[in-house]
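Subject: Structure for your review

Dear colleague,

Please find the structure below, together with its sequence. My findings follow it.

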Amino acid sequence: MNEKVLVLNGGSAAEPLCELERHLMEASSSCGCNARVMRLWEMSIAPCLGCFGCWTKTPGMCVIDDDARDVTQEMIRSGVVVFLTPVVFGGYSPELKGALDRSIVLISPLFERIHGEIHHKKRYAEYPRLLGIGVQQGINKEEAAIFDTLVHRNAINFHSPKTVVQIIDQRSDPALINSTVERAFREVSAE
Amino acid sequence: MSAAGNRLLILVGSPKPLERSASARLGKIVGEALSARGWELRTVRIPDALKSEASIESMLSEVERADGVVLTAPLYVDSLPAPVIRVLGAIANQRADSGSSKMIRFASILNCGFTEAAQNHTAQRLLKRFAEKAGLVWAGAISAGSAGAVTKSVRVSLNLLADAMAAGGDLSTQAVEREAKNAVPGWTYRVIGNWMWKRQAKKNGALDQFYARPYT
């Protein structure tokens with residue numbers, strides 16, 4: 001595998017997840033991939049306005065000109081996108097979610113039926129694989145289950161061809177964390 | 001339990017102005033039902049609450065003064081809009097830091113842009129987990145599809161939620177978890193929805209760019 005990997009680091013200044021970021025960089029490097037990290041809390045990303053201008057005024061591009069445009073551009077140009085985030089009530093951090101709310105530019109407003117439900121059609125021909133890395137301080141199974149469901153739901157709407165979810169207990173041994181992250185990355189990047 | 005003196009806080013998670021927000025419209029139905037029973041109402045737009053430290057503090061004070069809180073929000077990317085998550089975190093932290101043990105009932109109303117109300121499920125699970133962590137009493141969830149259209153089924157569900165909020169006591173045994181029925185069949189929603197998106201793009205002079213791929 002030799003393709004672009006985008007790590008969306010949904011940590012914060014108080015919880016930057018730098019060690020996990022480093023593990024992901026090492027894992028992607030060992031697979032021959034070219035990884036780029038975006039530390040979302042350091043970027044200027046305004047909340048989605050819910051205006052649908054990205055579908056009906058400037059199709060494919062958000063009407064707000066800020067760093068979210070760079071994030072969405074990198075997402076669709078990558079082979080693998082990693083959601084790295086603390087697990088917040090079973091979901092993503094507001095930092096990561098703020099970027100994802102702005103990523104609907106990557107799909108079409110038109111509806112189609114997928115697995116018996118209504119979803120949006122593709123805008124692009126190909127979409128990246130998704131790796132969701134949820135970070136907990138001690139495992140909470142209910143929140144881990146919600147997180148797993150959420151990433152897989154996102155994968156449907158994002159037309160992702162492959163999805164892997166991994167929960168990391170940040171209290172675990174660092175060597176175990178490293179090997180877990182590497183295994184998850186290899187799984188999502190395997191043909 | 002007397003309704004006199006009870007306070008309801010409606011947190012609106014939509015970025016739109018209240019008068020154009022489907023979420024606000026749904027929350028208002030519950031608010032009016034409780035107002036008719038003597039509840040005092042307060043409505044706070046989450047985007048407004050996040051404007052400054054002072055506005056966040058004000059919103060947190062409103063939560064602590066309330067007997068019931070209803071969050072009403074649109075579904076964004078299978079979950080809650082980012083500002084809503086930020087506010088939920090602030091509420092949970094505030095209640096943990098202050099050691100507040102005040103019994104506050106919490107209910108959620110989510111609406112999604114698909115016809116199936118069930119697409120709100122994951123976000124509703126998240127909200128239930130938030131209520132547990134914040135020490136709030138889970139009073140139930142209403143999920144609506146079709147962009148928050150107020151159908152008969154939605155209205156019945158919202159009134160049941162108001163009943164549950166008003167009942168008081170241990171609401172965990174009376175919790176309402178309802179999905180409003182689909183407003184229209186899926187195929188109709190697809191056909192009409194697709195026509196409306198294109199019509200809007202045409203109105204904006206962007207129909208020729210409707211399928212644009214600017215990041216190719």
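A crossing of two helices is called left-handed if the near helix is turned anticlockwise from the far one by less than a right angle, and right-handed if it is turned clockwise. By that convention, the crossing of α1(B) and α6(B) is right-handed. Please note that this is a predicted model.

Helix pair in chain B

Helix α1 of chain B spans residues 22–35, and helix α6 of chain B spans residues 152–167. Their axes lie 9 Å apart, and the two helices pack at an angle of about 45 degrees. That angle makes α1(B) oblique to α6(B). On the α1(B) side, the contact involves L26(B), I29(B), V30(B), A33(B) and L34(B). These meet R155(B), L158(B), N159(B), L161(B), A162(B), M165(B) and A166(B) of α6(B). By class, the residues of this contact comprise 10 nonpolar, one polar and one charged.

Contact between the chains

Chain B contributes 41 residues to its contact with chain A, and chain A contributes 42 residues. On the side of chain B, the elements giving two or more residues are α4 (82–98), α5 (121–134) and α7 (186–203). Of these, α7(B) gives the most, with eight residues. The side of chain B that touches chain A has 20 nonpolar, 12 polar and nine charged residues.

Domains of chain B

The domain assignment divides chain B into domain 1 (7–183) and domain 2 (186–216). The centres of these two domains, taken over C-alpha atoms, are separated by 31 Å.

Yours sincerely

Methods
Residues are numbered from 1 along each chain as its sequence is written. Chains are lettered from A and ligands numbered from 1 in the order in which they are written. This is a predicted model: local features need pLDDT of at least 70, side-chain atom pairs count only at pLDDT 80 or more; totals for chains, interfaces and linings use all residues. Axes are lines fitted to C-alpha atoms, for helices over the stretch in contact, and angles run from 0 to 180 degrees between N-to-C directions. Helices (H or I, at least four residues) and strands (E, at least two) are DSSP runs, numbered from the N terminus. Angles under 35 degrees count as roughly parallel, over 145 as roughly antiparallel, 65 to 115 as roughly perpendicular and the rest as oblique. Two residues are in contact if their C-beta atoms, placed from the backbone, lie within 7 Å. Ala, Val, Leu, Ile, Met, Phe, Trp, Tyr, Cys and Pro count as nonpolar, Asp, Glu, Lys and Arg as charged, and the others, Gly among them, as polar. Domain bounds come from an automatic or database domain assignment.
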